[in-house]
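Notebook open, model loaded. I'm jotting down what I look up as I go.

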Amino acid sequence: MVVRDNVERHQFVLRTPSPVAPEPTDRRRFSLPTDAAVRIETGRIGLAANTVVCVRDEAGSMLAQVDQQGREELGAGTYSIELFGAVKTYLRADGPLTVDARPFETVLSFEDPQPVSVGARSSHESPAATITTTDDPLDVMAAVSAFSSALKTTSVERSYPTLRGHPPLLELGDELVVPEALDVPETGVRIELPPTLRHVFVATPLAYYLGARLVPGDAPRLVAESGFVHDFDGPHGFEEAVARALKRTFFLDCVVRTEGIYDVPLHERQTVESRTDIEVKELYDASLGERLSAYFEIPYERIADLLPEWKLTTHVAPRADNIELLPFVTNDLAVVRTPSGTEVHHSAVQAAVVDDFLRDDGDGDVVRSAGTTTPSETYVKPSSTDSVEQAWISDGTPVGASKTTPAAYRNRLQREPTQGDIGITVVCNDPEMLAETDIVDEVYGSRDGLSFDVDAHYDLSGAALRETLAEPTDFLHYIGHIDDDGFQCRDGRVDAETLDTVGTGAFFLNACQSYDQGLALVEAGAIGGIVTFSEVVNSQAVGVGRTLARLLNGGFPLQASLEVVRIDSDVAHQYGVVGDGSLSVVQSESGVAVYCEVFDKADGQFDVSYRAFNTSRAGIGSLIRPALTDSMPYYLSSSGVSNTELTEDELRDFLALEQIPVIYDDTVYWNREFLS
C-alpha cells in the first residue's frame, strides 16, 4: 500500500503480507488533522528502516517511541500510532501491538488480522486568506501583524515546522483590508520600529514567529507586556540584532519544547543546561514574555555554536514591488537582510571558464556554446552569511545565491496535485553530449520504493521541444547548447521567453549561459532550476551532471545539491539556482538530505561527520537521530554531528542503511561506491 502526497510528490510505502483493499473511513477517528483516511485489514505492516513510531493512548498520552532497533510490546487497548515517514501518516488500531525496529525494516505486528485505520496529511500549506495593503509602511506593518494568524500554536511547539502555517498573501491595493476571519493571537508582544520598508522587511519573520504586532516607534526594539524590553540598535546593527533574536528564540523554544508532546533526549538541551542555569521545566508553562526575559538573559556567545545552521538568508530590496513577497520569505522563516555584496565583472566569470578549459588541456573537448553570449545583468556576490542557502531578490545576477522571483513562489503555491509516478524528462539536443545521457539513464529512477516515469528525447526540432517543455513533468534535465536566442534545436532555436507555459516543476539546464533561459522557464510556470552563468567545458559539465543527477535523485534540494557539488568540482562556481532553491525533485529516504565526511584515523578507526540539509518534508526545527551509534541522542535537523569515531565494521553497517553521498579526501562518492 502506498500513501502519496500528490502535491509535494512524496510517497510512503506500507508493506503488508498480502494485498489489501482500502475503503474510505471517517477522518474524525484521528485526533490529529488528516486530509484523507482509509481502512484496511492486516496483521502486519512493514515500514522503511529508521521510521520513528510514536504510540499514544486514546487520551493522547505517549506510551512508546521506537526508532533505531528498539522494540516495544503493548497489550490490549486502542492505540493512535504516528508514523514519521515521507508522508505524515497515522494509524488507529486495537492491541495487542508489537513495534520492532530492525536494521532494515520497522515492523508493526498485531495479534490477528484486524481493521486498521490509516490517515495521512499533506505537508503542503496554502494561505488562508489575502490581505490588501498600500505601500505605506504603516499599512504594511498592520498587514504583517496579521501573519501570525497562520501559527497553529503560540506555545514553544511552534518551533516544529508542521505547526507553522503559511502566512496570508499580500496584495497591493488602494487601502488596507485585513479579512475579519483571520484569528490573530494576542501574545502581549510587540516590535517597535521606525516606519520604513527596510525596518518592516527585516522584522517580518520575527514578528510572525513570535506573534508580535509591528507598531511605529522612534527606535527598533522588542517589548512584552510583562516589562521585558530588548533594543535592536546594538553594536552589530539592526539587521544582525533581529537575526540573532530570531535564532535565539527559535533555538531555545526547541530546547524547552522537549518538556512537551515529544519528550526526547536532545543533544542541544543537554549542552545548554550544562552551560547555563536555564530552567526548562518552568519555562515550558511560562508566558511568552517570561520566556523572552529568560532567553535574553543568556549571553548570545554562550549558545552561538549550538544554534542550528539557518536554512536561508534572503537579501530583499526594500521596495514597494517586493511587498507581496513577504509572506513567502516569512514562510521559509528566513533571515532577511537588505541587499549588499560585491560586484563581479562578467570578464572575471569568463576568465574562470578559460582557466578551466586550459586546465583540461583542451584535448578536443567542446564548450557547450552554440555561439556568442552576452551578459544581460550585472553579477554580484552577496555578502557572506552563516546560512545554508542564500536568496537574492534585487537587481543583478547573484553568484552563490538563488535568484528568486515572485513567479517561483506563486508557481509552487499553485502546484497542482498529480496522480501516478514521478516524472523525469531528459532532453539531449547534441550527439556529442550523449555520454551524459548514459549517466542519467543509470541514475534517475534507481531509488528502491519510488515509482518513476523516465522519458528521454534526442535531437528535437523546435516544435518538438516546445511540445516537450509544455508536457507536465516533475523534472527536466536538458543537455545541449543555449545562446542568446534560446535552446538550440536541429532546425533553429526555441526562446523560453516566447513560451506561454511550461509543465516542469524543476529543471537542470546543463548548457552554456543558461541563466536567462532558466529565468524565463520560471516565469512560464516552473518553480526552480539549476543553470549556468557562462560557457562550460563539455567533459567537466558531464561530471557536474553526473553528481547533480545523483544528488537530486537522492532527495537533495536544488541549492543544497550545488553546495555538495562544489566540494569536489572546479567548475561548480559556474552553476547557480533560479527560482526556489529549496525545491526537491523527490523525497529523501530519511526526511532530511544527508551526507557524511569520513577521515582516516590510526588502527583502522574513522572519524565521521554527519551533515543534514532541511527539506520541504523536514523543515527547520525538525529532529534527527543519526544511526552512527546506539546511544546517539537527537539533534536539531540542521545541526552538524562532528567527529564520531567508528570502526570499519561500524562504518560499513551505518553506510548500508541509506543511499547517501560520502565525502572522502575532498571527493564525493556514493555510499556503495565508497564501500567498494
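Predicted model: local features only at pLDDT ≥ 70, side-chain atom pairs only at ≥ 80, totals over all residues.

I looked up Ile 482 and found Phe 487 of strand 29 as its bridge partner. Strands here are DSSP E runs of at least two residues and helices are H or I runs of at least four, numbered from the N terminus. Residues are numbered from 1 along each chain as its sequence is written, and side-chain values use heavy atoms, with hydrogens and water left out.

Next, the pairing: strand 28 runs antiparallel to strand 29 (residues 486–489) over two bridges. DSSP must find at least two bridges for two strands to pair. The open sheet has three strands, ordered 28-29-30, with antiparallel pairing. Strand 28 (482–483) and strand 30 (492–494) are the edges, each pairing on one side only.

Then I checked His 481, in the loop between strand 27 (473–479) and strand 28. Is His 481 buried or exposed? His 481 is buried, at 8% relative accessible area (buried is under 20%, exposed over 50%, partly exposed in between; 1.4 Å probe, protein chains only). Its side chain makes a 2.6 Å polar contact with the side chain of Asp 430 (a pair of N or O atoms within 3.5 Å; within protein, one must be able to donate a hydrogen and the other to accept it, and residues adjacent in sequence count only if both atoms are side-chain atoms).
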